[in-house]
Amino acid sequence: MRKRKTTVSTKRRQTIQKQAVLDAVRQATLSHPTAADIFAQVRPLLPTLSFGTVYRVLHGLVEEGEIAEIRQAGGPAHYDADTREHDHIICSRCGAVGDVHLRPLFSLEECGQPQTDFEVLGYRLEFHGLCPSCRLVSQAPVLPFPVREVFPC
Ligand SMILES: [Zn+2]
Ligand SMILES: [Zn+2]
């Protein structure tokens, strides 16, 4: 009897944690928060919450397709409640992430196909630049980012 009660309350706690993390990601959709941002936002509401739990909950939400994960080389992953197809621009100084909605002028999958023996299943496009805050700062070092050669179709 006692064991059952514990199981129920654990499950309830997990549901509350999951909802709090999901709400925090949804409220910050445009800023594409990191796990640390979410932890800082949710911790005051749930003081017993650990960073590891936030990370696990975020990972679970990505696996369930509730949120999207934006990975960047050399920086922390960012999370996005907007799971519709769109691309991102990453600030080369501070790592801030913004949305880019491209009008489908042509199929990038078709562009990639003739240049390799690969079957193209999809693509990931990433813009790099300076966010509005960093545009005001001229001395901060610019983070290195991978420069890719763009082949004409
Ligand atoms: Zn920036
Ligand atoms: Zn986005």
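I began just past helix 3, where Gly65 has a positive phi of about 80 degrees. Helices here are DSSP runs of H or I with at least four residues, strands are runs of E with at least two, and both are numbered from the N terminus.

The model is predicted, with local features needing pLDDT of at least 70 and side-chain atom pairs counting only at pLDDT 80 or more, while totals for chains, interfaces and linings use all residues. Residues are numbered from 1 along each chain as its sequence is written, and chains are lettered from A and ligands numbered from 1 in the order in which they are written.

Next I looked up helix 3 itself. Helix 3 covers residues 51-63, 13 residues, and spans 18 Å from first C-alpha to last, close to the 18 Å expected at 1.5 Å a residue (the expected span is 1.5 Å times one less than the number of residues). I listed its buried residues as Val54, Val57 and Leu58 (buried: 20 or more other C-beta atoms within 10 Å of the residue's own; exposed: 12 or fewer; partly exposed: in between; C-beta atoms placed from the backbone). They cover an arc of only 100 degrees around the axis, so they sit on the same side of helix 3 (the arc is taken over directions from the helix axis to the C-beta atoms). On the face turned away from that buried side I found the exposed Gly52 and Glu63.

Then I turned to the strands. Strand 3 (residues 87-91) pairs with strand 4 (residues 97-100) in the antiparallel sense over four bridges (pairing: at least two DSSP bridges between two strands). Ile90 has Val97 of strand 4 as its bridge partner. The two form a hairpin with five residues between them, and Gly95 in the turn has a positive phi of about 85 degrees. Strand 3 also pairs with strand 5 (residues 126-129), in the parallel sense over four bridges, and there I noted Ile89 opposite Phe127.
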